[in-house]
Amino acid sequence: MGGRSSTFKERIKGIDDLLKELEKKQKKKDYTVLDLGDHTQEVELDSTYRNKIRLQNRNYMVCKSMDEVDKDIRRVTLNQIMNLSHKYNNLTHGYLDEQQVKIRSYKINDINLKTQKKSPNYTTIACWSKSSNQICLNQRRSKNIDDIVKTVDYSQSTGHFMKTDAGTQDKYVITHEFGHFLEECIVQRRLQTKDYTQEERDRAVLTITEEICNIARNKYKASNNDLRQMSRYGYNDAYEWFSELFTSTVLSSNKSPMQNAMNEFLKKENINASSSNKL
Ligand SMILES: [Zn+2]
């Protein structure tokens, strides 16, 4: 099309700026600030040297407590995980079910992390491993469903979390965690290994961000402003950006250009995954 070059420049400018911003944050991240306290790799419950390193470098946490969680939280959490894993079956390598996902709660004081002083408000961690999947809920913040709803509601009202449909607050955190899991599955499939460096992983995640933005721009005519419709938490880095956009996409009935782009991206990935070799 005989488009003016300034239009093209304008078109990529928003994405470029966004990516630079996320990349900068990723690089400068000292891995000591935790909020939701997410991570996506296996962590054993011991204190081996390897795990200590992981904790220091990547902010991984361990669940020391195996306490049962509140039964309503457990029901909502499991339901949502099963719905989502059913939907993205090809990416998650099959359905996740009750046998495969362990839902635990932990006492905040059990966790020996320097991060705990800095950010006492984190609520949930998802530990998705190769053999089993754990969801660890902070007992202090997740006594019951009402606690979770209240916390999420407040975080949404301050712009810390994305806005979603009314009544979806109880599923917010678990959907966010599932978003990390899903992205991890995509990264592993793209890199064709689970044994990648942090740099490779960061790069892959930024590429995913760029692809979603490009779909939003090209197919859904997203403006620069649309690209920046993101929660404060989502601006932490490209990982949180993905999970936050994913969560709002899943839990909103009226889709924005960015949310449409996320759907489109995942649809394509899910189809691609069905025809590619499973790891
Ligand atoms: Zn997160």
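**Figure 1. Helices H6 and H7 in the predicted model.** The axes of H6 and H7 come within 10 Å and cross at roughly 110°. That angle makes H6 roughly perpendicular to H7, because angles of 65 to 115 degrees count as roughly perpendicular. On the H6 side, the residues in contact are Glu183, Ile186, Val187, Arg190 and Leu191. They meet Glu200, Arg201, Ala204, Val205 and Ile208 in H7. The residues of this contact divide into 6 nonpolar, no polar and 4 charged. The model shown here and in the other views is predicted.

**Figure 2. Helices H5 and H6.** Helix H5 covers residues 145–157 and helix H6 covers residues 169–191. Their axes come within 7 Å and cross at roughly 80°. H5 and H6 are therefore roughly perpendicular to each other. From H5, Ile145, Ile148, Val149, Val152 and Asp153 take part in the contact. From H6, the residues are Gln169, Asp170, Tyr172 and Val173. By type, the contact of H5 with H6 has 6 nonpolar residues, 1 polar and 2 charged.

**Figure 3. Helix H6 along its length.** H6 has 23 residues, which at 1.5 Å a residue should span 33 Å. The C-alpha atoms at its ends are 34 Å apart, which agrees with that span. H6 is mostly covered, with 20 of its 23 residues buried. Gln192 follows H6 and has a positive phi, near 60°.

**Figure 4. Lys221 in the loop between H7 and H8.** Lys221 lies in the loop that joins helix H7 (198–220) to helix H8 (224–227). Its phi is near 50°, a positive value in a residue other than glycine. Is Lys221 buried or exposed? Lys221 counts as exposed, because it has 9 C-beta neighbours inside 10 Å and the cut-off for an exposed residue is 12 or fewer.

**Figure 5. Asp17 and Asn224.** Asp17 is placed in helix H1, which covers residues 5–28. In sequence, Asp17 and Asn224 are 207 residues apart. In space, their C-alpha atoms are 9.5 Å apart. Asp17 is partly exposed, because 13 other C-beta atoms lie within 10 Å, and partly exposed residues fall between the cut-offs of 12 or fewer for exposed and 20 or more for buried.

**Figure 6. Confidence along the protein chain.** The protein chain averages a pLDDT of 75, and 66% of the residues score at least 70. Confidence is highest in helix H9 (residues 238–251), at a mean of 95, and lowest in helix H2 (residues 49–58), at a mean of 36. Over residues 30–64, pLDDT stays under 50. For residues 30–64 the model has 73 contacts beyond four places in sequence. Residues 108–122 also have a pLDDT below 50, with 27 contacts in the model beyond near neighbours in sequence. Where pLDDT is low, the predicted coordinates should not be read in detail.

**Figure 7. The protein chain as the setting for the close-ups.** The protein chain has 10 helices and 3 strands. Along the sequence, these elements follow the pattern α-α-α-β-α-β-β-α-α-α-α-α-α. Of the 279 residues, 38% count as buried. Among contacts between residues at least 6 apart in sequence, 74% join residues at least 24 apart.

Technical notes. Residues numbered from 1 in each chain as written. Predicted model: local features only at pLDDT ≥ 70, side-chain atom pairs only at ≥ 80, totals over all residues. pLDDT = per-residue confidence, 0-100. Helix = DSSP H or I, 4+ residues; strand = E, 2+ residues; numbered from the N terminus. Contact = placed C-beta atoms within 7 Å. Axes fitted to C-alpha atoms, helices over the stretch in contact; angles between N-to-C directions. Parallel < 35°, antiparallel > 145°, perpendicular 65-115°, else oblique. Nonpolar A, V, L, I, M, F, W, Y, C, P; charged D, E, K, R; others polar. Expected span 1.5 Å × (residues − 1).
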